[in-house]
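Dear colleague,

I am handing over the structure we discussed. Please look it over first; my notes follow below.

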Amino acid sequence: MSKVDLDWGKLSFSYIKTDYRYISHWKNGAWDAGSLVTENTITIAEGSTAIHYGQQCFEGLKAYTRADGKIQLFRPDRNSARMNATADRMVMPHVPEAKFIDACMQVVKANEKWVPPYGTGATLYLRPWLIGVGDNIGVKPAPEYLFGVFCIPVGPYFKEGLKPVNFIASEYDRAAPRGTGAAKVGGNYAASLMPHEEAAHKGYADCVYLDPATHTKIEEVGAANFFGITKTGAFVTPLSPSILPSITKYSLLQVAKDNFGMKTEERDVYIDRLDEFAEAGACGTAAVITPIGGLFYKGKLHVFHSETETGPVTRKLYDTLVGIQYGDLPDPAHWIRVVE
Ligand SMILES: *Cc1c(COP(=O)(O)O)cnc(C)c1O
């Protein structure tokens, strides 16, 4: 398969119009068959609940080219399950797992010339989305829904290898204690735009959100989950109903346990007890891991391992998970789905 002419290693996380996307319409209680289309715009009713009341959600996952040229998806069943959990919270219809994975596979296959080759560090990012549409004005679930998947080639997040960055604890909340923090909805992102801008303006990569009820415990790091490696070598990650359950985070937790025999804990992480950690990181599909150099809180920068060097445990967890994602390392837990 000949590829499009792109400088794969230099790609950033920016929109590129690829050739095909998938779209399916839900009406009268059922999904249509869904199909690939070339047009990258949609026309929806002016009263669509997605526009007015935020009845929508999305997912993000990647396709990787292996050394043997085959293309594989990483845990798409988990993205499907999370999208349906979000759909429940937003009173939207489920997209059956088979339909979700088939849509992703169709999009990858139809855009094969856009899938970055092995060894470039680049990947194909898939963006599934689900929105409420149809004629409506009242605050209630939409009469119709659209489910779509599009894809863009994205470059390696860190062009020169893993590099720690600094974060700042935010005064703002991204979600309420029993709100929609655990759902992958646009509203949480809308709420994060201003805190992010303020953090960036002060010279930080992004903000760390504390638990909305007491502001004493770490919840999210920008749009990624937090993990820390304690000085005794345990993998620790916060547990809270307002954290978005990161698939990367649970995969790292399992790698820590299964590949390295580390102790793992999901529990409260207090912002005034950061001394318990030798290393810390943010994790999510986009970067896999962003090492946290320092965290600014109450007038002082707490440095974990180093502001310039990635810690050894963070690095080995990263290398192992990325190795599984690219098919370089065995996949003992059946996380991989080959696109065929
Ligand atoms: C998507 C997302 C993550 C990361 O989840 P992954 O499944 O690892 O990509 C973390 N936090 C928030 C708020 C998110 O929206």
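V288 sits in strand β16, which covers residues 288-297. Note that the model is a predicted one, and that applies to everything that follows. The phi angle of V288 is near 65°, a positive value although the residue is not glycine. Most residues other than glycine have a negative phi. V288 is also buried, with a relative accessibility of 7%.

A second residue with positive phi is H334, where the angle is near 55° and the residue is again something other than glycine. H334 belongs to the loop between α6 and β18, the latter being residues 336-338. Is H334 buried or exposed? H334 is exposed, and its relative accessible area is 67%.

**Domains**

The protein chain is split into domain 1, residues 8-154, and domain 2, residues 165-325. Between the C-alpha centres of domain 1 and domain 2 the distance is 26 Å. In the contact between them, domain 1 contributes 18 residues and domain 2 contributes 20 residues.

**Helices α5 and α6**

Helix α5 spans residues 247-258 and helix α6 spans residues 312-325. Their axes come within 10 Å and cross at roughly 110°. Angles from 65 to 115 degrees count as roughly perpendicular, so α5 is roughly perpendicular to α6.

Which residues meet where α5 and α6 are in contact? From α5 they are T248, S251, L252, V255 and A256, and from α6 they are L317, T320, L321 and I324. Sorted by class, the contact of α5 with α6 has six nonpolar residues, three polar ones and no charged ones.

**Cysteines**

The count of disulfides is zero. A disulfide is a covalent bond between the sulfur atoms of two cysteines. The cut-off used for the pair of sulfur atoms is 2.5 Å.

C151 is buried, at a relative accessible area of 1%.

For C207, the closest cysteine sulfur is in C283, at 16 Å, and this too is too far for a bond. C207 counts as buried, with 1% relative accessibility.

Regards

Notes
Residues are numbered from 1 along each chain as its sequence is written. This is a predicted model: local features need pLDDT of at least 70, side-chain atom pairs count only at pLDDT 80 or more; totals for chains, interfaces and linings use all residues. Side-chain values use heavy atoms; hydrogens and water are left out. Buried means under 20% relative accessible area, exposed over 50%, partly exposed in between (1.4 Å probe, protein chains only). Axes are lines fitted to C-alpha atoms, for helices over the stretch in contact, and angles run from 0 to 180 degrees between N-to-C directions. Helices (H or I, at least four residues) and strands (E, at least two) are DSSP runs, numbered from the N terminus. Angles under 35 degrees count as roughly parallel, over 145 as roughly antiparallel, 65 to 115 as roughly perpendicular and the rest as oblique. Contact means heavy atoms within 4.5 Å. Ala, Val, Leu, Ile, Met, Phe, Trp, Tyr, Cys and Pro count as nonpolar, Asp, Glu, Lys and Arg as charged, and the others, Gly among them, as polar. Domain bounds come from an automatic or database domain assignment.
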